[in-house]
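Here is a short briefing to read alongside the model. Take a moment with the fold, then follow the points below.

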Amino acid sequence: MTTENTINIAGEEINGRLWLGTSMYPSPEVMRDSLQAGKPGFVTLSLRRQTAQQVADNGHWQYVQEFVEQSGCKILPNTAGCHTADEAVLLSNMARELFKTDWIKLEVIGDDYTLQPHTTQLVKAAETLIQQGFKVLPYCTDDLVLCKELLAVGCPAVMPWGAPIGTGKGLLNRHQLTTLRERLSDAVLIIDAGLGKPSQAMDAMELGFDAVLLNTAVAKAHDPVLMARAFYEAVNAGRMAYSAGMMQERQAASASTPTLGMPFWHQN
């Protein structure tokens, strides 16, 4: 049953609107404890160029696997490091074989300085993977036309950036993100990349986005476990605020307790 903290994507219930990455933590143990504190719906993993045996022998992976089995969250392999559709398709199939999942976070990078997605290669890869039975969650820019194209080829959700990966700058283009939410009212939209503070995650949720995905902000915090908990609370608070319906902003003051008509009020 869908609740305030769950999302239905591609017919499956995702139990958590905070999604976390698993790289750059000080140790596998800190990563595990941070995941437990953040209660993510998805945890992302990068296969990169490792062989299946290298991943299987990695203690980092063992902790992730243990957490997933205990918590019921889902694994979301990603295609980080790919620059062409062909590379992303190949890596996705390797990830499906290794991690036993059809879910894939699709990344096809077009610029190594900004890590901005390659729009044409991204759509090409998404279309191929969907034909192969994958549930594709593409990391993309906040371009409306691109998001519409990715949804049209069959992606069950799109994941526009808030800011370039790892910058921590938050929502750089609130106008465009608001437009995405308004124009794609029935789509599942997840902010992926660029969030550095819990307040920024809350901001995204208050705009009506369905979830946020982040890594660096937790992994590089002085206390990753405490920061994961802070993001968990912020995401849930932002979602509750959006669901509750926030007051409209006003240009002029409006007293919550009018004084006109009260006893002893002296009018000039």
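Lys 39 sits in the loop that links helix H1 (28–38) to strand E4 (42–46); helices here are DSSP runs of H or I with at least four residues, strands are E runs of at least two, and both are numbered from the N terminus. This is a predicted model, in which local features need pLDDT of at least 70, side-chain atom pairs count only at pLDDT 80 or more, and totals for chains, interfaces and linings use all residues. Residues are numbered from 1 along each chain as its sequence is written, and side-chain values use heavy atoms, with hydrogens and water left out.

**Loop residues with positive phi**
- Lys 39 is not a glycine, yet has a positive phi of about 50 degrees.
- Lys 39 is partly exposed, at 46% relative accessible area (buried means under 20%, exposed over 50%, partly exposed in between, with a 1.4 Å probe and protein chains only).
- Lys 100, in the loop between helix H4 (85–99) and strand E6 (103–106), has a positive phi near 60 degrees.
- Lys 100 is exposed, with a relative accessible area of 70%.

**Helix packing**
- Helices H8 (residues 198–206) and H10 (residues 224–244) pack at about 25 degrees, their axes 7 Å apart (axes are lines fitted to C-alpha atoms over the stretch in contact, and angles run from 0 to 180 degrees between N-to-C directions).

**The chain overall**
- The chain holds ten helices and twelve strands.
- Of its 268 residues, 47% count as buried.
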